[in-house]
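Open the model in your viewer and keep the sequence panel beside it. This tour goes stop by stop: what to select, then what is there.

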Amino acid sequence: MKKILITAPVHQDAKIFKEYLWSLDRLEIPEGYEIHKYFYLHNCDNLKKFLNFDEYEVFKNDVEIEKNDNIHIWKSENYQCTAIMRTKALKKAAKENYDYIFSVDSDIVLHSKTLIDLLSKEKDIISKVYWTTPNILQPYITIPNFYDNIDEKRNIKFDKTLNYYKIIDTYCVNVVSNPLLISSKIFNELSLNYYPINILSTSYKNEYAFCVRCRCLFPDINFYIDTIHPARHLYRKEDYKNWIEWEKSEWK
Amino acid sequence: MEIKKILIAAPVYQKTEIFIEYLNSLNNLIIPEGYEAHKYFVITNSPEIENLLSSDEYETDNYNFEKEKEKGSHVWDKEHFNSVMEARNKILKYARKNKYDYIFSVDSDILLHPKTLQYLLQDNGDIVGVVYRCSQNDGIGTNYYYGEYHRGYPDLERLIPKGLYDVGVACASVLIGPRIINNEKITYSPIKGVSFSQWEDYAFNLRSRVLIPDLQVYMDTRLPARELTDQKQYNKWMKEKEIFKIEANND
């Protein structure tokens, strides 16, 4: 039996977290695999009640995320906290002999076939796509959860136009983030972590630090993004409202 | 005591007259007791320079550049980036294969103080750079970056007092230690997703940071080197070199 650790740092509203767990519970698990959930509850003790005692640990400090109706403002302290929690998950999976980590942020709703899709590709690092509207005032602009580059002004860059990725396929890209399936070959490497690299300011972003480290540690590895069955990002109140009122009943 | 081996090396695409000055400066280096040094150059399109060396001191690396550039010039485009990156990887490979303890990578337009190696070996870092003033950018800038590449050269003034400093990135003229030579994953190749890693020295420093978490990178500013980037610098050097020699003996 192969073991998959589904994990995330969690700092979330209860109602969104409930939708998140709802989608995890509906995931189809391929034969020969078993899943375990483990969450790092960052200053949100109220979520304990949704979990078994062996499915979480509490991570407490005085760092909070600023949110308004449009965007979430992530400061460097927020990234530091998630880097610590994500790294803890890597080490836990290595220590407890997991075969995969499936890292899924707590505001993501997955399609039930997600794990089947990702495992069938037999990659060491593969992500499932979702699209987010970065600015509510420009609803026609959506960006995906991967990119090819990031510049010193913290703008993310793509090598191809985004329309290119609208065709359902599995693409090789430079930087991937959640929801991310990571094989044990990767997380068994002890020096892997999510902490910033001191001569690369853009590595304040957890996924960027992780991807750059992987490139150095595993020179031959490629990162993939799978675009069938996109996930849904419950980013703002508006997304949640649409999800509950319209999308959930149709969700596969 | 076991003798430690130092490989003095560089990719070379250089004017012969400048290379002669460079080679003299390397030959004048004092090799501390307990060490032995060998030279090894990857020479691009410069048969005249090959004639100045014995056959075990170089390998030939002929490139058909689409756009020839002036030898020694500091104008960079993709194919020249690639040729230098590949040459530096060849040097690393050569050092690994022949079991060198150190690589002293000195770009072919840098003239060193004879005592440089003595100082750098004592500094005991993984990457230790020798400071020089760069004649590009109107003389502002040196071959180190305190923080990171695209921030340019912050904090330049702090390196003016002679000493040994922690820096983020050191390049162009650096002593590379055994921990890096022994880690075969460290190369100069670009890293996908990191745009500044087209600068092969930056890719090298970044990989070293990741693969050796407690990496020690220093700049030694006690014996500044000179850089002969152009004809003007060369002419100036030819006028001043006798004075430099006398001064160096007194240091």
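Helices (H or I, at least four residues) and strands (E, at least two) are DSSP runs, numbered from the N terminus. This is a predicted model: local features need pLDDT of at least 70, side-chain atom pairs count only at pLDDT 80 or more, and totals for chains, interfaces and linings use all residues. Residues are numbered from 1 along each chain as its sequence is written, and chains are lettered from A and ligands numbered from 1 in the order in which they are written.

**Stop 1**

Select chain A. Six helices and 16 strands make it up. Its C-alpha trace spans about 45 × 45 × 40 Å along the principal axes. The radius of gyration is taken over C-alpha atoms, and the globule rule is 2.2 Å times the number of residues to the power 0.38. For 252 residues, a compact globule would come out near 18 Å; chain A has 17 Å, which agrees.

A residue is buried if 20 or more other C-beta atoms lie within 10 Å of its own, exposed if 12 or fewer, and partly exposed in between; C-beta atoms are placed from the backbone. By that rule 39% of the 252 residues in chain A are buried. Two residues are in contact if their C-beta atoms, placed from the backbone, lie within 7 Å. Of the contacts in chain A with a separation of 6 or more, 72% link residues 24 or more positions apart.

**Stop 2: helix H2 of chain A**

Select residues 76-95 of chain A. This is helix H2, with 20 residues. From first C-alpha to last, H2(A) reaches 29 Å, close to the 28 Å expected at 1.5 Å a residue. The expected span is 1.5 Å times one less than the number of residues.

Which residues of H2(A) are buried? Among them are A:Asn78, A:Cys81, A:Thr82, A:Met85, A:Arg86, A:Ala89, A:Leu90 and A:Ala93. An α-helix has 3.6 residues a turn, so residues three or four places apart point the same way. Now show what covers the buried residues of H2(A): the cover includes strands S1 (2-10), S2 (33-42), S3 (56-59) and S6 (100-103), plus helices H4 (184-187) and H5 (206-217), of chain A.

**Stop 3**

Step past the helix to A:Asn97, in the loop between H2 and S6 of chain A. Its phi is near 55 degrees, a positive value in a residue other than glycine. A:Asn97 is exposed, because 9 other C-beta atoms lie within 10 Å.

A cis peptide bond joins A:Asn178 to A:Pro179, with omega about -10 degrees. Most residues other than glycine have a negative phi, and most peptide bonds are trans.

**Stop 4: strand S16 of chain A**

Select residues 223-233 of chain A, strand S16, and find A:His229 in it. Phi of A:His229 is near 50 degrees, again positive in a residue other than glycine. A:His229 is partly exposed, with 17 other C-beta atoms within 10 Å.

Two strands pair if DSSP finds at least two bridges between them.

- S7 (residues 108-109) runs antiparallel to S16(A), over two bridges. A:Val109 stands opposite A:Arg232.
- S8 (residues 125-132) runs parallel to S16(A), over four bridges. A:Lys128 stands opposite A:Asp226.
- S13 (residues 170-173) is antiparallel to S16(A), over four bridges. A:Thr170 has A:Asp226 as its bridge partner.

**Stop 5: the core**

A nonpolar core is a set of buried Ala, Val, Leu, Ile, Met, Phe, Trp, Tyr and Cys residues joined through C-beta atoms within 7 Å. The largest one has 125 residues, of which A:Ile101 and B:Ala170 touch the most other members. H5(A) gives the largest share of this core, seven residues. Centre on A:Ile101. Beyond neighbours within four places in sequence, its contacts are A:Leu5, A:Thr7, A:Ala89, A:Leu90, A:Ala93, A:Ile182 and A:Phe187.

**Stop 6: chain B and the interface**

Switch to chain B, with seven helices and eleven strands. Of its 251 residues, 40% count as buried. Select B:Ala172, in the loop between strand S9 (169-170) and strand S10 (173-176) of chain B. B:Ala172 is buried, with 21 other C-beta atoms within 10 Å.

Finish where the chains meet: 18 residues of chain B are in contact with 19 residues of chain A. Helix H6 (residues 200-211) of chain B gives the most to the chain B side, with six residues.
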